[in-house]
Amino acid sequence: MTTGSQQMVQAAAHVPQLVRIARGTALFAAGTVFGLGLNYVYGIVLARLLGADDFGLYSLGLALFNVLTVIAIAGLDNAALKFVADTKAQGNSNQINGVVRAALLLSLAFGGIAALLLVFTAHGVAHTVFAKDALEPVLWWFAIGIPAFSVSAVMIAVLQANQDVVWRTSIKYLMDPIVKAVLTLILVWVGW
């Protein structure tokens with residue numbers, strides 16, 4: 001074979017991987033646009049439903065939630081992504097379960113500690129820092145979600161490490177905004 005035909009054979013061998021990458025990229029882009037668009041609409045609808053005062057309380061609670069989840073995750077999502085991918089590349093598949101289990105347990109523990117911190121400081125934060133009595137129960141509700149968010153961030157990183165774009169995109173950019181919107185509408189409808 002000539003050098004040109006060898007290169008064509010090598011290039012043809014990479015076509016399935018290129019198609020897989022292209023499909024994953026297209027799915028990720030479509031899911032991201034849909035998810036971010038839905039989150040944007042969600043914010044607008046929520047602001048209209050709640051009014052300025054209640055939406056302000058929601059925004060304060062969300063800001064504290066976001067700060068505490070970053071602290072609670074403590075980089076465990078990035079660690080899981082790196083170590084699972086490295087362990088998989090080395091062929092040590094029996095060690096992957098240990099890495100995933102450790103990351104999930106640590107994220108659950110850190111999330112629980114952050115949630116308890118928010119619950120026990122909610123009164124002081126609401127009354128002393130913001131002088132908003134109605135903020136305290138909002139902080140309690142957000143505290144419930146901290147451990148769940150921490151664990152889900154690690155689980156999504158594990159999916160990414162396993163190169164499972166479909167599940168990662170479906171969960172993070174499709175199911176998450178849809179479930180959030182549906183639950184919010186149910187809670188508003190009930191009167192909460």
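Me: Where does A131 lie?

Reply: A131 lies in the loop between helix 4 and helix 5, helices being DSSP runs of H or I with at least four residues, numbered from the N terminus. This is a predicted model, in which local features need pLDDT of at least 70 and side-chain atom pairs count only at pLDDT 80 or more, while totals for chains, interfaces and linings use all residues. Residues are numbered from 1 along each chain as its sequence is written, and side-chain values use heavy atoms, with hydrogens and water left out.

Me: And is A131 buried or exposed?

Reply: A131 is exposed, with a relative accessible area of 60%; exposed means over 50%, buried under 20% and partly exposed in between, with a 1.4 Å probe and protein chains only. A131 also has a positive phi of about 55° although it is not a glycine.

Me: What about A74, where is its place?

Reply: A74 sits in the loop between helix 2 and helix 3, and its phi is positive too, about 50°, although A74 is not a glycine. At 46% relative accessibility, A74 counts as partly exposed.

Me: Changing topic, how many salt bridges does the structure hold?

Reply: The structure holds 1 salt bridge, a term that requires a side-chain nitrogen of Lys or Arg within 4 Å of a carboxyl oxygen of Asp or Glu. D86 pairs with K82, and the closest N and O atoms are 2.7 Å apart. Both residues lie in helix 3 (residues 76-89), 4 residues apart, which is about one turn of the helix.

Me: How exposed is D86?

Reply: D86 counts as partly exposed at 33% relative accessibility, and K82 likewise counts as partly exposed, at 47%.

Me: How do helix 3 and helix 4 cross?

Reply: Their axes, lines fitted to C-alpha atoms over the stretch in contact, come within 9 Å and cross at roughly 175°, on a scale that runs from 0 to 180 degrees between N-to-C directions. That makes helix 3 roughly antiparallel to helix 4, a label for angles over 145 degrees.

Me: Which residues of helix 3 make that contact?

Reply: With contact meaning heavy atoms within 4.5 Å, helix 3 contributes L76, A80, F83, V84, T87 and K88, and the partners on helix 4 include Q95, I96, V99 and F110.

Me: Last one, what is I146 in contact with?

Reply: Leaving aside neighbours within four places in sequence, I146 is in contact with F65, L68, T69, A72, G111, A114, A115 and L118.

Notes:
Helices (H or I, at least four residues) and strands (E, at least two) are DSSP runs, numbered from the N terminus. Angles under 35 degrees count as roughly parallel, over 145 as roughly antiparallel, 65 to 115 as roughly perpendicular and the rest as oblique.
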